[in-house]
Amino acid sequence: MLTSSLFILGLCLGSFVTCMAERISSGHTLISTQRSLCPHCRHQLRFWQLIPLLGILLQRGRCYDCHAPINLRSSLIELLCGGLLASSGASFSLTLPLLMGYLVLIFNSLTDYLTFEVYPLTLILPAGLGLWQQRPPLTLSLYLVLALLVGLYLLARLTATFGLGDVDILLMLVFIIPAETLLTCLAIAAVAALVGFIISAPATAYRSSPSSAGVLSWSPNSRVSHRHR
């Protein structure tokens, strides 16, 4: 029962995060009394069309009015968020900063994809909750991550190779997941980026970022292991 409730809550949060990211990226107001519109025929969506995951299933993947294919992006994000919350289970309170962090990562990843914009202010709450719950232990891994942060900050300030938004995201991750896990995920993300670059070059290149490392770091017990170190 708890798992099902958390899954449904995750679906709703995923729908909300997607809606907010798409609204802010398109220049619309975040708070509106009007329901969303179909991007093809501009019909206002009915309440049942907005039900997370169920809405697209009832419409069989196509708009009820104009029959244009519905983008699966929102449904995939809903499933991802539902899976994250459902997998947290009884450790929900311990993983709250991590869950909030991933919702923020998904939001910023989507706005970055749509408009190349990242919103650092959204990172403050998850980082603050993580720091309040447990301070990162002073280990060699933490010092390595801090050194990496300084290096990336200088790289972002002195060149156009790296963005400060990536530095902000990495700083947030320091407060919500163990440094050892973060280093491992950064290494995996870097290897994935290299493989993606080799496969897609010279047409396009896969861009590695702390966001991808954050997604790789998900584990319901990751914050617990940090807590007991």
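How do the axes of α3 and helix α4 (residues 96-115) cross, and within what distance do they come? The legends below take this up first. The model shown is predicted.

**View 1. Helix α3 packed against helix α4.**
The axes of α3 and α4 cross at roughly 165°. They come within 11 Å. Angles over 145 degrees count as roughly antiparallel, and α3 and α4 are therefore roughly antiparallel to each other. Their crossing is right-handed. From α3, the contact takes in Arg73, Ile77, Leu80, Cys81, Leu84, Leu85 and Ser88. Facing them from α4 are Leu99, Tyr102, Leu103, Ile106, Leu110, Tyr113 and Leu114. Sorted by class, this α3 and α4 contact holds 12 nonpolar residues, one polar and one charged.

**View 2. Helix α1 against helix α4.**
The axes of α1 and α4 come within 9 Å. Their crossing angle is roughly 35°. This crossing is right-handed. On the α1 side, the contact is made by Leu13, Val17, Thr18, Met20, Ala21, Glu22, Ile24 and Ser25. On the α4 side, the residues are Leu103, Ile106, Phe107, Leu110, Thr111, Leu114 and Thr115. By class, the contact of α1 with α4 has 10 nonpolar, four polar and one charged residues.

**View 3. Helix α4 against helix α7.**
Helix α7 spans residues 164-176. Its axis and that of α4 come within 10 Å and cross at roughly 165°. That makes α4 roughly antiparallel to α7. The crossing is left-handed. Pro97, Leu98, Gly101, Val104 and Leu105 represent α4 in the contact. Ile169, Met172, Leu173 and Ile176 represent α7. The contact of α4 with α7 has eight nonpolar residues, one polar and no charged.

**View 4. The largest pocket and its lining.**
The largest pocket has a volume of about 1,200 Å³. Its lining counts 39 residues. Nearest the centre lie Glu22, Ser36, Leu37, Pro39 and Leu45. Helix α1 gives the most, with eight residues. The lining divides into 18 nonpolar, 15 polar and six charged residues.

**View 5. Leu53, in the loop between α1 and α2.**
Leu53 sits in the loop that links α1 and α2. What is the phi of Leu53? Its phi is near 65°. That is a positive value in a residue other than glycine.

**View 6. His67, in the loop between α2 and α3.**
His67 is placed in the loop between α2 and α3. Phi of His67 is near 65°. Here too the value is positive, and the residue is one other than glycine.

How values were computed:
Residues numbered from 1 in each chain as written. Predicted model: local features only at pLDDT ≥ 70, side-chain atom pairs only at ≥ 80, totals over all residues. Heavy atoms only, no water. 1 Å grid on protein atoms, 1.4 Å probe; cavity = no way out; pocket = protein on both sides within 12 Å on 5 of 7 lines; lining within 4 Å. Points joined across faces, edges and corners; volume = space filled by probe spheres on them. Helix = DSSP H or I, 4+ residues; strand = E, 2+ residues; numbered from the N terminus. Nonpolar A, V, L, I, M, F, W, Y, C, P; charged D, E, K, R; others polar. Axes fitted to C-alpha atoms, helices over the stretch in contact; angles between N-to-C directions. Parallel < 35°, antiparallel > 145°, perpendicular 65-115°, else oblique. Left-handed = near helix turned anticlockwise from the far one by under 90°. Contact = heavy atoms within 4.5 Å.
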